[in-house]
Amino acid sequence: MADPLIVKICGIKTPDILEAAIAAGADMVGFVHFVRSPRHASIEDIATLISLARGRVETCVLLVNPDNSCVAEVAALGPDWIQLHGPETPHRVEAIRAEAGVEIIKALPIGSAEDVAHIADFVDIADRILVDAKPPKGADRPGGLGETFDWALLKALDPALQFMLSGGLTPETVADAVRTVRPFGVDVSSGVESAPGVKDKRLIEAFIRNARAAS
Ligand SMILES: O=C(O)c1ccccc1N[C@@H]1O[C@H](COP(=O)(O)O)[C@@H](O)[C@H]1O
């Protein structure tokens, strides 16, 4: 039997939405610590959210090219995962993993066949790979933009690679994404919001329901 689909709801900022994501059956919740994001949460808020979530759902802190002090601050909160969503090199990912002692999701931007080929540089270093749309030139952040990409590019991947899919997924598109791409997991942020940074409980429920129905 195939592994059950992992569903991650990212960009949670409040206990209320955390509870809604857990009640809806999320496997993993993400907290963004990146000041340019409308989903940015302070270290103090993330500490509270992780303590509420511990033992109930896997937790992930999303960072963009963090320095060592940021890594240490986040590692001290005891998340299950750190998601690196910036231009971190394989060497830097390895160093952060060793420094933090936390499993790493490496997010990689996909816009071309070369981007897909670049994934191989990280498969033995990161604990999990997440593919996202390459942000448009001039974007003020490297993700959480609701942008999709050409999923057909992923056909070049090693079929044995278990990866998570993100990038512009919504309750309407996630079933098609699951059936077409057959990812190990799906990750969503802006597709379950009523406005940038404002999560919508009904959209979270619909996303998880539709993802599971297709898996
Ligand atoms: O959510 C953000 O603001 C964000 C900021 C910086 C890097 C990544 C960010 N979000 C992640 O991007 C993907 C795709 O998001 P979306 O569903 O297209 O909105 C996902 O992993 C988000 O957690």
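Helices (H or I, at least four residues) and strands (E, at least two) are DSSP runs, numbered from the N terminus. This is a predicted model, in which local features need pLDDT of at least 70, side-chain atom pairs count only at pLDDT 80 or more, and totals for chains, interfaces and linings use all residues. Residues are numbered from 1 along each chain as its sequence is written.

**The whole protein**

The protein has seven helices and 10 strands. Its radius of gyration is 16 Å, close to the 17 Å that the globule rule gives for 215 residues, so the protein is as compact as a globular protein of that length. Here the radius of gyration is taken over C-alpha atoms, and the globule rule is 2.2 Å times the number of residues to the power 0.38. Along the principal axes, the C-alpha atoms fill a box of roughly 40 × 40 × 40 Å.

Next, select residues 7-209. UniProt, in an unreviewed entry, lists this span as "domain: N-(5'phosphoribosyl) anthranilate isomerase (PRAI)". UniProt positions are given in the numbering used here, feature names are shortened, and annotations may be inferred rather than shown by experiment. The span is 31% helix and 22% strand, and its end C-alpha atoms lie 10 Å apart.

Of the 215 residues of the protein, 40% count as buried. A residue is buried if 20 or more other C-beta atoms lie within 10 Å of its own, exposed if 12 or fewer, and partly exposed in between, with C-beta atoms placed from the backbone. A nonpolar core is a set of buried Ala, Val, Leu, Ile, Met, Phe, Trp, Tyr and Cys residues joined through C-beta atoms within 7 Å.

Select Ile9, Ala21, Val29 and Val186: these have the most contacts inside the largest nonpolar core, which has 55 residues. Two residues are in contact if their C-beta atoms, placed from the backbone, lie within 7 Å. Centre the view on Val29. Not counting residues up to four places away in sequence, Val29 touches Ile9, Ile12, Leu18, Ala21, Ala53, Val57, Thr59 and Cys60. For the protein as a whole, residues 24 or more positions apart account for 52% of the contacts with a separation of 6 or more.

Now display the ligand and its surroundings. A residue is near a molecule if its C-beta atom, placed from the backbone, lies within 6 Å of it. Of the 26 residues around the ligand, Cys10, Ser37, Gly143, Gly144 and Ser190 come nearest. The elements that give two or more residues to this shell are β2 (28-32) and β8 (185-188). By type, the shell divides into nine nonpolar, 13 polar and four charged residues. In this division, Ala, Val, Leu, Ile, Met, Phe, Trp, Tyr, Cys and Pro count as nonpolar, Asp, Glu, Lys and Arg as charged, and the others, Gly among them, as polar.

Val188 counts as buried, with 31 C-beta neighbours inside 10 Å. Leaving aside neighbours within four places in sequence, Val188 is in contact with Ile9, Cys10, Ser166, Leu169 and Phe207.

Move to Ile110, in strand β5 (residues 103-110). Ile110 is buried, with 21 other C-beta atoms within 10 Å. Beyond its neighbours within four places in sequence, its contacts include Asp115, Val131, Phe149 and Leu153. Ala95 is 15 residues from Ile110 in sequence and 24 Å from it in space, C-alpha to C-alpha.

Then select Ala211 in helix α7 (residues 201-214). Ala211 counts as buried, with 24 C-beta neighbours inside 10 Å. Apart from neighbours within four places in sequence, Ala211 is in contact with Leu5, Val7, Val174, Ala175, Val178 and Val186. Thr170, 41 residues away in sequence, is 9.7 Å from Ala211 in space, C-alpha to C-alpha.

Finish in the loops. Arg182 is placed in the loop between α6 (174-181) and β8. Arg182 has a positive phi of about 50° although it is not a glycine, and it counts as partly exposed, with 14 C-beta neighbours inside 10 Å.

Asn65 is found in the loop between β3 (58-63) and α3 (68-75). Asn65, although not a glycine, has a positive phi of about 45°. It is partly exposed, with 14 other C-beta atoms within 10 Å.

The last stop is Ala120, in the loop between α5 (113-118) and β6 (128-133). Ala120 counts as partly exposed, with 13 C-beta neighbours inside 10 Å. The C-alpha atoms of Ala120 and Ser215 are separated by 26 Å.
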